[in-house]
Amino acid sequence: MRRRSSLPVTFLVPTLAILLVLSMVPTLYAIVIALQNRELSTTGYSWVWFSNFADLFLDRRFLNAVWVSVKWEIVTVVATMVVAIGLGVLMFEVAGPRLRNFYCLLFIIPVLLPRVSAAFVWKFAYHPLYGIATYPYRLITGGLIFDPLSKPGTALFAVASVDVWQWGLFFAVIVLKLLETLPPQPIEAARLDHARRWQIHAYVTLPMLKAPLISLMFVKMIESLRSFDLIYVMTRGGPGVATETLDMYAFSQGFIESGKVSYASAMAVLMMIATVITFTMLWKRVQA
Amino acid sequence: MKPHPIRPGRLVAKAVLTLAGFLAVFPLLWTALNALKNNVDIITRVPKVFFTPTLANISYILGRDSVLAGLYNSAVACGAAVLIGIVLGLPAAYAVARYPNRFAGDIQFFVLSLRFLPPVAVAIPLMVIWLQFGLYDTLPALIVTYSLLTISVIMWLAIPAFQGVPKEIEEAAFVDGYGAYAVFWRIALPVAARSLIGAIAFSFVLVWNEFLIALMLSSSNAKTLPIVASELSQQGMNVPWGILNASVVLLSLPPLLFLGVLSGFLNSVFRQKKS
């Protein structure tokens with residue numbers, strides 16, 4: 001057996017202390033700033049306590065940003081899971097081992113790209129005049145203009161498609177690997193009972209993978225919070241405020257438009273409280 | 001396996017997969033192609049597949065001081081942060097994996113919960129803090145901030161990697177008279193090396209791709225490559241498309257170098273689960 005050793009203490013304590021400092025200092029300081037009225041242009045400030053928060057709930061642009069964020073979260077998470085499960089099952093069904101490896105390699109590429117790169121690639125592709133993704137539309141309609149990024153109705157979906165391009169394909173690889181870990185007997189048994197292919201997956205394999213699939217969805221929910229890069233590069237929150245998520249609005253309040261750091265920080269604190277509570281509860285349920 | 005008769009369902013499935021595979025890489029390949037085009041060949045209503053290639057965009061990009069400075073900043077900030085992540089994250093992960101205590105679950109949850117923090121919520125106060133220290137827009141500030149990311153991610157991924165090392169090997173080393181530290185250095189690290197390299201590569205890709213924090217913590221001196229690349233596009237509608245495409249390719253290359261390592265890492269994670 002292992003003897004008593006100082007190793008756990010020397011290995012763990014410094015790292016945890018540094019992590020605690022690095023995470024708690026900004027977190028607590030965010031709250032402090034949110035209770036003041038700091039602005040980038042001036043150095044003086046005073047304590048205004050909760051008035052930033054009170055202002056937020058009367059700010060219609062903030063309420064819009066909450067709604068856009070919720071839409072973004074739902075659209076990207078649902079679409080990612082649908083694409084992932086669909087393509088994962090298809091690979092499992094019709095691709096041999098070598099083809100599977102090939103697809104897996106291809107499907108990992110988009111998620112490795114910096115979000116900024118992915119956003120650029122698709123911003124060009126969606127260009128109404130010269131884009132490769134809008135070319136089929138121009139071809140079919142004989143030169144009509146389709147500009148998905150500048151229409152309020154489609155902009156959010158156009159940006160979300162890039163997110164799904166990155167994560168949906170990547171998760172398809174994971175769904176395939178999960179399917180490969182399943183024991184073959186239940187699938188064989190269902191096949192002997194003349195179950196159809198889709199029935200086997202709908203009633204046997206996917207229910208068996210319920211727990212890992214829920215964890216996967218959890219990961220995607222966390223990653224979907226990081227939408228800023230895509231939106232910043234592709235639409236800057238526009239047209240109007242159609243794609244202005246919370247982090248985009250906080251950034252523009254704090255930096256671009258008015259330099260109201262405290263106001264932006266109040267927003268960030270609300271986001272932080274909401275996400276930490278939601279995800280802690282979800283995580284405990286996933287683990288249980 | 002018995003041979004499958006050809007059915008329309010299978011054909012459709014194969015077609016969908018082929019299309020998905022095409023969609024996965026084609027936009028990037030198209031960007032790479034555009035990086036080799038003159039502007040007149042890019043601004044066409046009908047996309048051009050055949051054109052006279054030019055290296056002007058690439059040489060322009062590589063000759064620009066701002067791009068080279070971004071490349072340098074990215075390399076230093078990411079390299080240093082990953083190094084700190086390795087030095088602090090790997091030992092801590094080993095301690096959690098091999099010396100179970102009643103806090104192990106809480107520690108793992110704490111490390112994961114760092115990922116819940118919205119980046120804006122971290123970036124705004126840090127900007128104010130670094131301004132007060134006079135470190136705003138410097139590489140040290142960026143490195144310290146990124147270390148939070150690399151330490152937590154490396155730790156999170158290295159815990160299962162160390163747990164995957166067969167206990168018997170370590171026990172045998174203890175019997176041979178190795179101390180706890182020697183077992184970590186000479187047994188656990190080398191045996192888990194393959195998975196650990198995957199974890200480290202992943203953390204590098206994560207910070208290399210990071211945008212929001214770098215955007216908020218730098219104004220001129222410490223700008224990383226993603227920031228420089230994004231600024232190139234803010235030149236109105238009269239954009240030099242070829243140059244932009246070339247900068248996207250340059251920015252995307254380093255993470256893609258790790259494609260092999262990371263897909264191998266993914267495989268090893270799931271092979272572990274199976275056994």
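Helix axes here are lines fitted to C-alpha atoms over the stretch in contact, and the angle between two of them runs from 0 to 180 degrees between N-to-C directions. Welcome to a few close-ups of this predicted model.

**View 1. Helices α3 and α12 of chain A cross at roughly 145°.** Helix α3 of chain A covers residues 60-94 and helix α12 of chain A covers residues 246-256; their axes come within 8 Å. On the α3(A) side, look for R61(A), F62(A), A65(A), V66(A) and S69(A). Facing them from α12(A) are L246(A), Y249(A), S252(A) and Q253(A). Sorted by class, this contact holds five nonpolar, three polar and one charged residues.

**View 2. The largest nonpolar core has 184 residues.** Helix α7 of chain A (residues 152-181) supplies the largest share of the core, 17 residues.

**View 3. Another core, of ten residues, lies apart from the largest one.** Its members include F218(A), L225(A) and F279(A), along with F109(B).

**View 4. G70(B) sits in helix α4 of chain B.** This helix spans residues 65-98. Is G70(B) buried or exposed? G70(B) counts as buried because its relative accessible area is 0%, and the cut-off for buried is under 20%. Leaving aside neighbours within four places in sequence, G70(B) touches K223(B), T224(B), L225(B) and V228(B). A229(B) is 159 residues away from G70(B) in sequence, yet their C-alpha atoms are 8.7 Å apart in space.

Methods
Residues are numbered from 1 along each chain as its sequence is written. Chains are lettered from A and ligands numbered from 1 in the order in which they are written. This is a predicted model: local features need pLDDT of at least 70, side-chain atom pairs count only at pLDDT 80 or more; totals for chains, interfaces and linings use all residues. Side-chain values use heavy atoms; hydrogens and water are left out. Helices (H or I, at least four residues) and strands (E, at least two) are DSSP runs, numbered from the N terminus. Contact means heavy atoms within 4.5 Å. Ala, Val, Leu, Ile, Met, Phe, Trp, Tyr, Cys and Pro count as nonpolar, Asp, Glu, Lys and Arg as charged, and the others, Gly among them, as polar. A nonpolar core is a set of buried Ala, Val, Leu, Ile, Met, Phe, Trp, Tyr and Cys residues joined through side-chain atoms within 4.5 Å. Buried means under 20% relative accessible area, exposed over 50%, partly exposed in between (1.4 Å probe, protein chains only).
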